[in-house]
Amino acid sequence: MSIPTKRALLKLAALSSLAAAAILAGCGKKEEPAPAPAPAAAAPAPAAPEPLKAAWVYVGPVGDAGWTFAHDLGRKAVEAEFGDKVKTSFVEKVPEGADAERVIRDLATQGNKIIFATSFGYMEPMLKVAAEFPDVKFEHATGYKTAPNMRIYDAKFYEDTYVAGIIAGKMSKTGTLGFVGSFPIPEVLRNINAFTLGAQSVNPKIKTKVVWVSTWFDPPKESEAAQSLINAGADVLLQNTDSTAVLQTAEKNGKYAFGWDSDMSGFATKAHLASAIADWGGYYKKAVKDVMDGTWKTERTVWGVKEGQNDLIKIADVVPEDIRKKVEEVKAGMKAGTFEVFTGPVVTNDGKEVLAKGAAADQAWKDKVDFYVKGVEGKIPSGK
Amino acid sequence: MLKLEARAQPSQAMSVASPLIALALTVLLAGLLFAALGKDPLKGLGIFFVEPLNGVRAVSEVLLKATPLILCALGLAVCYRSNVWNIGAEGQFLLGAIAGGGAALWLGHQGVGGPQGLYAPLVLLAGVVGGMAWAAITALLRDRCNASEILVSLMLVYVAQQLLNYLVFGPWKDPGGFNFPQTRTFEVATWLPALLPRSRLHWGFVLALVMVVLFWVFLFRSWRGYQLQVGGLAPAAARYAGFSARSSLWTALLVSGGMAGLAGAMEAAGPLRQLTPHVSTGYGFTAIIVCFVGRLHPLGIALAGVLLSMLLIGGELAQSRLGLPNALTGVFQGLLLFLLLACDTLINYRVRWKRGGLASTALPAAVVAKEGAA
Amino acid sequence: MNELALLVAATLASGTPLAIAGLGLLLGEKAGVLNLGAEGMMLVAAIAGFGAAFLTGSDTIAFAAGAAAGAAMAALFALLAIGLNTNQYATGLALSLFGAGFSAFVGVAFVGKKLPDRAPFELPLLADLPFFGPALFRQHPMVYVAIALVAALAWFLYRTRAGLVLRAVGESPESAHALGYPVRAIRLAAVVTGGALCGIAGAFLSVVYAPLWVEGLVAGRGWIALALTTFATWRPARVLLGAYLFGGVTMLQFALQGAGVEVSSQLLSMLPYLATIVVLALISRNPLWIRINMPASLGKPFHPGS
């Protein structure tokens, strides 16, 4: 390793500063549009030929065939629906830390009128940027903080997992289900609980084992986790991670599993029981339309099976008729709004009753899920 | 065919010119790459090299992102010059964030108030101690058990990540946070004081610049720095001169751990103002690259930190402005690094056209001098 | 008992890619070249192997493609680090960076694609032995290749002339050069062969272990493999042991979670890394072991004299 002399480095520094100064001088004139109420960026008249610019911020790659892929399909649905009237763009693999704020702010300065952030970790950064751009609409997925120009949306994945549970409860011969979990956040805990409750509605003695892989995406690790669940006696698996690895491991071992986030029926002909999907297109179209019509307001939208945002599809032929009927019934109830997954009595796995008999959980209850229901083995990692 | 011919003396002109040549070559290759992908090359290059500096806000973001890189790299430079291969700066960074964040949370619990930045020095100090403590584990195992610092420091990175996860999912989770993995937001008094209004740039950047100067003094004007470097370049000579290898090891690791910890605490108390599992985006590893691109020299590191920060931000911008896939940034950075490293060869070697076969080249002067000192 | 057998089986499978990659890196390091680009090589090889498997349906071609991709990446590294004497650490890091981006870029077309089903492998007769059957003999052939590779590499390094020369180059390239050996060519051969092995490991991940392709598939295993060569104090058999230790503790912590053990999963996830550190600390305590085993010229550039 050569170590240049002081003189040489001073020369380099001088050259670089000259270069930097030149660049700055050249660009200095081109000031960014002022972030504070920018008169130039006043409400674009919907009738104007200017297309509405909409942007998406993704936490993963669009090629992940999972969470981000599903959101991108939603974005494409917006393009298909509105054609020339919108111009969409996206930034993928944006880390959920300090960088996110910069990306979101940049998108806002670029003239996007509505920005979607598709992961919880973007909440604080988005909130900060929303304060600076009052006439841009900000949409945050899976969060809980809002602002006059920032609202939240979410999906009811637990409805999918409940229905999956019904199927699993019947198809499991050992009475033990397995769940490969990413991180113990409320959404995942809801999914585990709903899965177990659904299975117990068919077989009250069902047990669920959970293994946490501490990642949303690491196929070999997901494989290993699935294998260890199978080794421990689970014969129907569900996951909250984004690849087909769990499904494929189940196939290899002659067990059952479900697809997650996308239709994975093509990946495992014998193991695949059904795929839990989310279709974000419906919500994205609505949101964009709200901006176009000027009817956008701060609210929290949680859609599920009823609105067509969640579904459990491609149910395998091996599933017997009586279970299919039950699934249809439950789905019909969800669509009609009469079936609530979390209906009492619900007891945690250390004996506490958290929902009285007959009571239907409200949104606040569901947001605060920090327990396992009876039948799920173990303790939530570092849970209190 | 092209032949490498050793120079009698390392070329000073090339020392300065080689990074510029590398940059020029990268620009050329990148332009070709953009064209091949059907994008306007000039626009593409503009996004990577000009756009990140477009305006005061943009420059502030570049400097903000460069700050942790520079701090970590300074510490690593001391390590590498002492021939201690600390690959675990990322882990030390995380521990600094944890310690600093912990201090901030504790201070908030005590009910401190005051203007922004009043208690920031305490937070940063905690970060330094945290990073040092983590590096001390590596030093201890190398000192007492001869365990390779490469392996121990690297393994400790993963342990640190899990520790952070454990804390934000468990004991330090914000009770009002709906069970999401994040701590409470820190009290204003524990935030880093802002440097530039309407930007996220904080005084940590100034601290980083101060560190650049301090490290230059340490490495090139202090007795201790001299000892460390001799120990790295010629261990036998160092032993003969009575320099303690053990104390060099500890100094190097504690310094780099402390710097990485400082950077971590800065990131937590600066732009983030809370702890989440995503405090670091690989700063500890990118810093290794910054360190080498900056040729292990404080001033070079400062410039390299800014350059790499620009590239990273440029990559983000290229996605939203040009629709270029994120993967391309990695390709780009790798290419730049390759070219930078290759062009550095020009400092010690001359490129000549020669007829004939694979004759071996002469020993370059720099090596002769080095081996003479050994 | 059956669970233990299954754990052993899972350990073997989990440790195999780490072992093969580790052995490849060992070869290069024995010649004095440290290639930090393992992660990048494995990623490019993974997509190459997956693509080949998808397009041709043949495992053999897939592994060959992976090996070729790994070798090509290693050759790029060698061009810089050996040919131009650039800093090995930085060059390796650049390779990792480049490989990550490049593999993601070219792999876009293969995301979400499925490989044809594969029949489970079993060694006839042996697979039916009680305990040892399910534990040891129901693995993909690569698992056994890894074990054979250890023996082959050990034999090559310590029992052949070529191996001796290679180790000499690693210990003192100047002396080897003085004796007339083509040091740079030998280093090149070692690095490229090592790259091919890393490539096979990468292909194993995408074609057998996962089996699928998504960017970042290797998820840090290249770095673990690098760490393993240090852990193994540069002896082939220990690379295998280290790989199994790491893989085994990984599977163990999953098994513990599944059994409902009441320790936080994050703390359990630390186990493989902590175990590696502890074992390394224990075996390194004898300073003589380390000095004897680490190639003296590791990481240092070589300048042939005239």
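The following legends describe close-up views of a predicted model.

View 1. Chain A comprises 11 helices and 14 strands. Of its 384 residues, 54% are buried. Among its contacts between residues at least 6 apart in sequence, 64% join residues at least 24 apart.

View 2. Strand E9 (residues 256-260) and strand E10 (residues 272-278) of chain A pair in the parallel sense, over 3 bridges. A:Ala257 has A:His272, in E10(A), as its bridge partner.

**View 3. The side of chain C that touches chain A.** In this interface, 33 residues of chain C are in contact with 33 residues of chain A. Helix H1 (2-30), helix H9 (183-209), helix H11 (236-258) and helix H12 (265-269) of chain C each supply at least two residues of the side of chain C that touches chain A. H11(C) gives the most, with 6 residues. By residue class, this side of chain C divides into 18 nonpolar, 11 polar and 4 charged residues.

View 4. C:Val143 belongs to helix H6 (residues 141-159) of chain C. This residue counts as buried because 23 other C-beta atoms lie within 10 Å, the cut-off being 20 or more. Leaving aside neighbours within four places in sequence, C:Val143 is in contact with C:Leu12, C:Ala13 and C:Thr16. C:Ala19 is 124 residues away from C:Val143 along the chain, and their C-alpha atoms are separated by 9.4 Å.

**View 5. Confidence along chain B.** The average pLDDT of chain B is 85, and 93% of the residues score at least 70. Among the elements of chain B, helix H5 (residues 120-145) has the highest mean pLDDT (94) and helix H14 (residues 365-373) the lowest (45). Over residues 357-374 of chain B, pLDDT stays under 50, and the model has 32 contacts beyond four places in sequence for these residues. Where pLDDT is low, predicted coordinates should not be read in detail.

Technical notes: Residues are numbered from 1 along each chain as its sequence is written. Chains are lettered from A and ligands numbered from 1 in the order in which they are written. This is a predicted model: local features need pLDDT of at least 70, side-chain atom pairs count only at pLDDT 80 or more; totals for chains, interfaces and linings use all residues. Two residues are in contact if their C-beta atoms, placed from the backbone, lie within 7 Å. Helices (H or I, at least four residues) and strands (E, at least two) are DSSP runs, numbered from the N terminus. Ala, Val, Leu, Ile, Met, Phe, Trp, Tyr, Cys and Pro count as nonpolar, Asp, Glu, Lys and Arg as charged, and the others, Gly among them, as polar. A residue is buried if 20 or more other C-beta atoms lie within 10 Å of its own, exposed if 12 or fewer, and partly exposed in between; C-beta atoms are placed from the backbone. pLDDT is the predictor's confidence in each residue, from 0 to 100. Two strands pair if DSSP finds at least two bridges between them.
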